[in-house]
Amino acid sequence: MDFNMKKLASDAGIFFTRAVQFTEEKFGQAEKTELDAHFENLLARADSTKNWTERILRQTEVLLQPNPSARVEEFLYEKLDRKVPSRVTNGELLAQYMAEAASELGPTTPYGKTLIKVAEAEKRLGAAERDFIHTASINFLTPLRNFLEGDWKTISKERRLLQNRRLDLDACKARLKKAKAAEAKATTVPDFQETRPRNYILSASASALWNDEVDKAEQELRVAQTEFDRQAEVTRLLLEGISSTHVNHLRCLHEFVESQTTYYAQCYRHMLDLQKQLGRFPGTFVGTTEPASPPLSSSSPTTAAATMPVGPSVAGLAPPGEAALRLEEVSPPASGTRKARVLYDYEAADSSELALLADELITVYSLPGMDPDWLIGERGNKKGKVPVTYLELLS
């Protein structure tokens, strides 16, 4: 008990000394040991890394789980070291509702059959989303969270310790400075008055006391300087380790992009399959009539994403009799021609098509047996096939 009281009193004295030194520095009444420029740059880079890692982590969590209540629930489960319960994705929930609607409205009706097909596709989309969330959480969120809860806490602890060592060092410097000033004052020759022998005795005694105080202060300063240098080196090594953290986060970022690419490629493939089942051209969801793209390889999501259609193609769309159509022999019908405004730019795939510019007006008409997704367009003396999806038919 006696030992603990002494330790408590010693700790209280150290805390008070640091508080006094810190307060005097804030008011400009005490000198402060400055760190070198390289060390300051390391501190700034570490703080920036920590701040941006927190922002990226939080926003990625929002991307993966937009529902704030669900995020709070998952956070509480993690803090309680309990397994997060499996959650149904929005796509899977929509699939469930569509399947129930088809069962009640009639699974043999056209609407019911379509609901069942779309429900199956939405269920696959929900499963793909679940896999993406799981992969992104492990490969991206977990490393970021480990840095904030592990490495950064260690860095913060050593920085606080360095700050305390610096306060102790500056307090020792201030104490030594005051002791030397008092020693110099004590060694000055006293005034020769009637009490001259007494003054000499007091002066010699005070000088000896301040000599001892200066020696003690110098010893404490050497110890404080050694501890400060040692702690500064430890902190410097930890701060330089931020470069390794950047390399690790870069690798995790590549894995996140890869998993996101795979997810969107799977979604695109599922929607293509659904459109085929519904008997529509796979490109119509982006305003085109391009035939189905080659099957996407799950092992190469980047290639799959790059094959998404961005414009119509005539290959394989025209009926056999229309392939041999000679436009120079085509004459517009006596009636049935209409004006149309072009919605988007369109580059002709071959000589049988007419290139289009957005917002221009052309004359269009159809021929017997022609593909309903295409019309004949005329602009001046130029003539060619044009896709209906790129036009707004006027009166």
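This is a predicted model: local features need pLDDT of at least 70, side-chain atom pairs count only at pLDDT 80 or more; totals for chains, interfaces and linings use all residues.
The pairing of E3 with strand E4 (residues 382-387) is antiparallel and comprises six bridges. Within this pairing, lysine 383 of E4 is the bridge partner of glutamate 378.

E3 also pairs with strand E2 (residues 361-365), again in the antiparallel sense, over three bridges. Here glutamate 378 of E3 is the bridge partner of threonine 363. Strand E3 spans residues 374-379, and because five of its six residues are buried, the strand is largely enclosed by the rest of the structure.

## Charges placed over tryptophan rings

The charged end of lysine 385 is positioned over the ring of tryptophan 374, at 5.9 Å from its centre.

## Surroundings of threonine 53

Threonine 53 belongs to helix H2, which covers residues 37-64. Its relative accessible area is 5%, so threonine 53 is classed as buried, the cut-off being under 20%. When neighbours within four places in sequence are set aside, threonine 53 is in contact with Leu144, Phe147, Leu148 and His249.

One of these contacts, Phe147, is likewise buried, with a relative accessibility of 2%.

## Aromatic pairs

A pair of aromatic rings is described by the distance of the centres and the angle of the planes. A search of the whole structure identifies seven aromatic pairs. One of them joins phenylalanine 147 and tryptophan 152, whose ring centres are 6.4 Å apart; the planes meet at 50°, and the pair is therefore tilted. The angle falls between the limits of under 30 degrees for stacked and over 60 for edge-to-face. Tryptophan 152 counts as buried because its relative accessibility is 9%.

Tyrosine 263 and tyrosine 264 form another tilted pair, with 5.1 Å from centre to centre and 50° between the planes. Tyrosine 263 has a relative accessible area of 14% and is therefore buried. Both tyrosines are part of a cluster in which ring pairs link Phe132, Phe140, Phe256, Tyr263 and Tyr264.

Key: Residues are numbered from 1 along each chain as its sequence is written. Side-chain values use heavy atoms; hydrogens and water are left out. Rings of Phe, Tyr and Trp (its six-membered ring) pair if their centres lie within 6.5 Å; planes under 30 degrees apart count as stacked, over 60 as edge-to-face and the rest as tilted. Buried means under 20% relative accessible area, exposed over 50%, partly exposed in between (1.4 Å probe, protein chains only). A charge sits over a ring if NZ of Lys or CZ of Arg is within 6 Å of the ring centre and within 35 degrees of the ring normal. Helices (H or I, at least four residues) and strands (E, at least two) are DSSP runs, numbered from the N terminus. Two strands pair if DSSP finds at least two bridges between them. Contact means heavy atoms within 4.5 Å.
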